[in-house]
Amino acid sequence: MLIQMDSGIVVALCHLQRDSVCVQPGQRVRCGDAVGRCGNSGNSTEPHLHLQAFDGLDPDHARPVPITFDGALARNGQVVDL
């Protein structure tokens with residue numbers, strides 16, 4: 001699932017449970033809105049969410065951008081409770 005922000009930044013939510021996405025293309029979502037359920041697709045033993053942000057929709061030209069939570073950049077292995 002891709003969520004495009006007003007700033008043009010695109011946030012990818014990966015490994016959602018199959019058929020769990022509950023929003024439609026073009027629908028506006030706000031912080032805290034449910035968009036889908038966490039799943040465990042891919043090579044994993046437990047449900048998890050892969051979250052990544054890019055500077056555009058074109059995968060051939062988009063570059064990753066940092067994501068912050070409460071103003072801080074999460075580090076590998078850090079659990080973020082929102």
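A pocket, as the word is used here, is an open set of grid points where a 1.4 Å probe fits, with protein on both sides within 12 Å along at least five of seven lines. Keep that in mind for a later stop. The model on screen is predicted.

**Whole chain**

Start with everything shown as a cartoon. The chain has zero helices and six strands. From the N terminus on, the elements run β-β-β-β-β-β. Along the principal axes, the C-alpha atoms fill a box of roughly 35 × 30 × 30 Å. Colour by burial next: of the 82 residues, 15% are buried. Among contacts with a separation of 6 or more, 34% link residues 24 or more positions apart.

**The sheet**

Select E1 to E4. These four strands form an open sheet, ordered E1-E2-E3-E4, with antiparallel pairing.

- E1 to E2: three bridges, antiparallel. Pick Gln4 and find Val10 of E2 opposite.
- The hairpin of E1 and E2: five residues lie between the strands, and Gly8 takes a positive phi near 95°.
- E2 to E3: five bridges, antiparallel. Select Leu13; its bridge partner in E3 is Leu51.
- E3 (residues 50-54) to E4: two bridges, again antiparallel. Here Phe54 stands opposite Pro64 of E4.

**The core**

Show side chains for Val11, Leu13, Leu16, Val23, Val35 and Ala53. These six residues make up the largest nonpolar core. Centre on Ala53. Leaving out residues up to four places away in sequence, Ala53 touches Ile9, Val10, Val11, Arg63, Pro64, Val65 and Ile67.

Rolling a probe the size of a water molecule over the atoms shows where empty space is left. The largest pocket holds about 1500 Å³ of space. Which of its 36 lining residues are closest to the centre? Select Ile3, Val11, Leu13, Val35 and Leu51. Val11, Leu13 and Val35 also belong to the largest nonpolar core.

Next, trace the lining back to the strands. Finish by colouring the lining by class: 23 residues are nonpolar, eight polar and five charged.

How values were computed. Residues are numbered from 1 along each chain as its sequence is written. This is a predicted model: local features need pLDDT of at least 70, side-chain atom pairs count only at pLDDT 80 or more; totals for chains, interfaces and linings use all residues. Side-chain values use heavy atoms; hydrogens and water are left out. Two strands pair if DSSP finds at least two bridges between them. On a 1 Å grid over the protein atoms alone, a cavity is a set of points where a 1.4 Å probe fits but cannot get out, and a pocket is an open set with protein on both sides within 12 Å along at least five of seven lines; lining residues have an atom within 4 Å of a point. Grid points are joined across faces, edges and corners, and a volume is the space filled by probe spheres set on the points. Ala, Val, Leu, Ile, Met, Phe, Trp, Tyr, Cys and Pro count as nonpolar, Asp, Glu, Lys and Arg as charged, and the others, Gly among them, as polar. A nonpolar core is a set of buried Ala, Val, Leu, Ile, Met, Phe, Trp, Tyr and Cys residues joined through side-chain atoms within 4.5 Å. Buried means under 20% relative accessible area, exposed over 50%, partly exposed in between (1.4 Å probe, protein chains only). Contact means heavy atoms within 4.5 Å.
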